[in-house]
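Thanks for coming, everyone. I would like to walk through one structure today, so please look at the sequence and the model while I talk.

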Amino acid sequence: MEGVFTFFGAINHSHAFVFVTHVLLSAVIALAIAKMATKSLRMVPTGAQNIMEAYLQGIVAMGRDVIGETNAKRYLPLVATIGIFVFVANVIGIIPGFESPSGNINMTLTLAIIVFVYYNFEGIRKHGVIHYFAHFAGPVKWLAPLMFPIEIVSHISRIISLSFRLFGNIKGDDLFLWVLLMLAPWLVPLPAFLLLSFSAILQTFIFMILTYVYLAGAVLLEEESH
């Protein structure tokens with residue numbers, strides 16, 4: 001947003017530079033968190049390892065009812081990585097002087113395309129090209145010419161839905177915080193920070209659970225048909 005101070009914006013006013021540097025910063029922080037949690041693994045976890053293990057167990061529990069425990073663990077690396085990265089990207093914008101890269105459609109669209117390509121790849125890998133795309137035609141053969149294009153549009157619309165949901169919510173939160181800071185820069189709006197932190201966690205959770213839902217729709221075709 002023009003006119004709002006950011007540390008990286010003081011170096012270069014280019015919006016592309018500010019966006020890319022915040023994406024890279026979020027990635028570095030996410031990697032640092034992972035490194036901190038795994039640098040000295042112990043049988044009885046403490047500190048960062050304890051927090052990370054609780055986080056991973058929570059993701060498996062979240063995915064268990066959606067895709068089954070085996071598949072929840074299989075896709076844990078993808079969902080956990082997305083979760084850490086999106087959470088950091090969401091939260092960093094709450095800190096004055098920084099900007100949430102997830103409030104930029106370029107980042108959220110890229111993540112949505114990654115999820116879209118990956119779950120379709122997994123569906124094709126498990127069921128084969130013909131069986132996977134035959135599922136798009138539905139169980140009633142004479143409705144196939146109608147159902148197939150509807151399913152294609154439905155799957156493509158997931159990219160828009162997944163990207164714009166995260167982008168819109170985080171951008172709205174950033175605008176809310178910027179307005180507060182411009183109106184009362186001398187006052188630290190703690191209730192607003194708490195609200196925005198909750199929103200950052202919620203949007204991360206939604207992105208992760210939808211990733212599991214889309215993966216379930218791709219790899220559990222037999223269960224869906226019953």
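Predicted model: local features only at pLDDT ≥ 70, side-chain atom pairs only at ≥ 80, totals over all residues.

Let me start with a question: by about how much of helix α4 are Glu69 and Lys73 separated? They are 4 residues apart in helix α4, which covers residues 69–74, and therefore about one helical turn separates them. Residues are numbered from 1 along each chain as its sequence is written, and side-chain values use heavy atoms, with hydrogens and water left out.

For the overall picture, the protein has 10 helices and 0 strands, where helices (H or I, at least four residues) and strands (E, at least two) are DSSP runs numbered from the N terminus. The C-alpha trace spans about 65 × 50 × 30 Å along its principal axes. Of the 226 residues, 39% count as buried, and here buried means under 20% relative accessible area, exposed means over 50%, and partly exposed lies in between (1.4 Å probe, protein chains only). Among contacts with a separation of 6 or more, 70% come from residues 24 or more positions apart, a contact being heavy atoms within 4.5 Å.

Returning to the charged side chains, a search of the whole structure finds 3 salt bridges, each defined as a side-chain nitrogen of Lys or Arg within 4 Å of a carboxyl oxygen of Asp or Glu. Glu69 meets Lys73 at 3.4 Å, N to O, and Glu69 also meets Arg64 at 3.6 Å, N to O, so that Arg64, Glu69 and Lys73 are linked in a network. Arg64 is partly exposed at 36% relative accessible area, Glu69 is partly exposed at 36%, and Lys73 is partly exposed at 49%.

Thr108 is buried, with a relative accessible area of 0%, and its side chain reaches the backbone oxygen of Ile105 at 3.3 Å. Not counting residues up to four places away in sequence, Thr108 touches Ser102, Ser163, Leu166 and Phe167. Leu109, by contrast, is partly exposed at 33%.

Finally, the aromatic residues. A pair of aromatic rings is described by the distance of the centres and the angle of the planes. The structure holds 10 aromatic pairs, where rings of Phe, Tyr and Trp (its six-membered ring) pair if their centres lie within 6.5 Å, with planes under 30 degrees apart counted as stacked, over 60 as edge-to-face and the rest as tilted. In one of them, the rings of Phe8 and Phe98 have centres 6.4 Å apart and planes at 70°, so the pair is edge-to-face. This pair links distant parts of the chain, 90 residues apart, with Phe8 in helix α1 (residues 7–11) and Phe98 in the loop between α5 (76–91) and α6. Elsewhere, ring pairs link Tyr132, Phe133, Phe136 and Phe148 into a cluster.

Technical notes: Polar contact = N/O pair within 3.5 Å; in protein donor to acceptor, adjacent residues only side chain to side chain.
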